[in-house]
Amino acid sequence: MKKFQRRQFLQLAAGAAALPVTSSIASAQAYPSRPVRLVIGYTPGGSADLTARLMGQWLSEKLGQSFVIENRPGGGTNIATEQVLRATPDGYTLLLVAPANAINATLYDKLPFDFIKESEPIAGIIRFPNVVVVHPSLPIKTIPELIAYAKANPGKLNMASSGNGSTIHMSGELFKMITGINMVHVPYRGGAPALTDMLSGQMQVMFDNIPTCAEHVKSGKLRGLAVTSTTRSEVLPDLPLVADFLPGYEASAWYGLAAPKGTPPEIVERLNKAVNEILADPKAKARFSELGAILLPGSAPEFGKLVADETEKWGKVVKFAGAKVD
């Protein structure tokens, strides 16, 4: 009788121990069973917003639940980031990760979170290269000519950006760091006003995102010198790479997905698989190609490594530039 009771107790104990694992797997298999919030730290209309809305639509179609895009701009994306990191780690609150998450780690003296330690990488989505553009009034047609002109006229070229610490700003600072030239950085509150002053000739140089300035380059309103990626752009195929003249140079806006630390690995894997299937779909490939984007398929750890590498890379550039938040 005692042996039977002991055996029964051990069976119950084993069942109880297995319950959390079984429950977790069942939860992941049922995921998502309600709408998912995808939070972004930017206003509607930009490349981050467009990327989030495209992925939200495709993830909704693939996983059978709504992915609701929530714009939470402010604090250099830190408001949105903290909101997601403090959310319940159940897969129902996700963050569109951007270069700001890597840059801000050094740009801000004190943040209320450690992004790498407190987030769960899910998947990379795309990269958007930048393009080095100058106003057509300048006697500059190539990257070597830009470097030569800047060295001959130190401090006379104004370099516009969408704000301190933006990818547009950091792309230019990396260029200055490698070449040793002196261009005066002029930060704007957003890419649109910076581009407006570039078109009018008030600014002379900008490392702008391809989606927003490609048409101006094609029309001749701005002169494109080179793209900042490691491969040529299908949108501006005639332009060389900055790296053709400065080996090792690379700068781009990139986007991916992350969740709060502690999100079940089964849910992370389900989302990663869905994102990679989307990136392999000809429809998504064609749409992103139209925007000049480069796809970033891969595993969750691979995306985590990208974020860590970019954090280290841009940390050095921020320190070199002495960049501070507005």
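This report describes aromatic ring contacts in a predicted model.

## Aromatic pairs

A search of the whole structure finds six aromatic pairs. One of them joins Trp58 and Phe288, whose ring centres lie 5.5 Å apart with 85 degrees between the planes, an edge-to-face arrangement. This pair links distant parts of the chain: Trp58 belongs to helix H2 (residues 47-63), whereas Phe288 belongs to helix H11 (residues 282-290), and the two are 230 residues apart.

Both partners fall below the cut-off for burial, which is under 20% relative accessible area. Trp58 has a relative accessibility of 7% and therefore counts as buried. Phe288 is likewise buried, with a relative accessible area of 0%.

## The pair of Phe175 and Tyr249

The rings of Phe175 and Tyr249 have planes at 80 degrees and centres 6.3 Å apart, so this pair is edge-to-face. Phe175 is located in helix H7 (residues 167-179), while Tyr249 is located in the loop between strand E8 (223-227) and strand E9 (252-260); the pair therefore ties together parts that are 74 residues apart in sequence.

Phe175 is buried, its relative accessible area being 0%. Tyr249 also counts as buried, at 1% relative accessibility.

## A charge over a ring

A contact of another kind involves Arg34 and Tyr92. The charged end of Arg34 sits over the ring of Tyr92, at 3.7 Å from the ring centre.

Terms used
Residues numbered from 1 in each chain as written. Predicted model: local features only at pLDDT ≥ 70, side-chain atom pairs only at ≥ 80, totals over all residues. Heavy atoms only, no water. Phe/Tyr/Trp six-rings, centres within 6.5 Å; stacked < 30°, edge-to-face > 60°. Helix = DSSP H or I, 4+ residues; strand = E, 2+ residues; numbered from the N terminus. Buried < 20%, exposed > 50% of the residue type's maximum accessible area, 1.4 Å probe, protein only. Lys NZ or Arg CZ within 6 Å of the ring centre and 35° of its normal.
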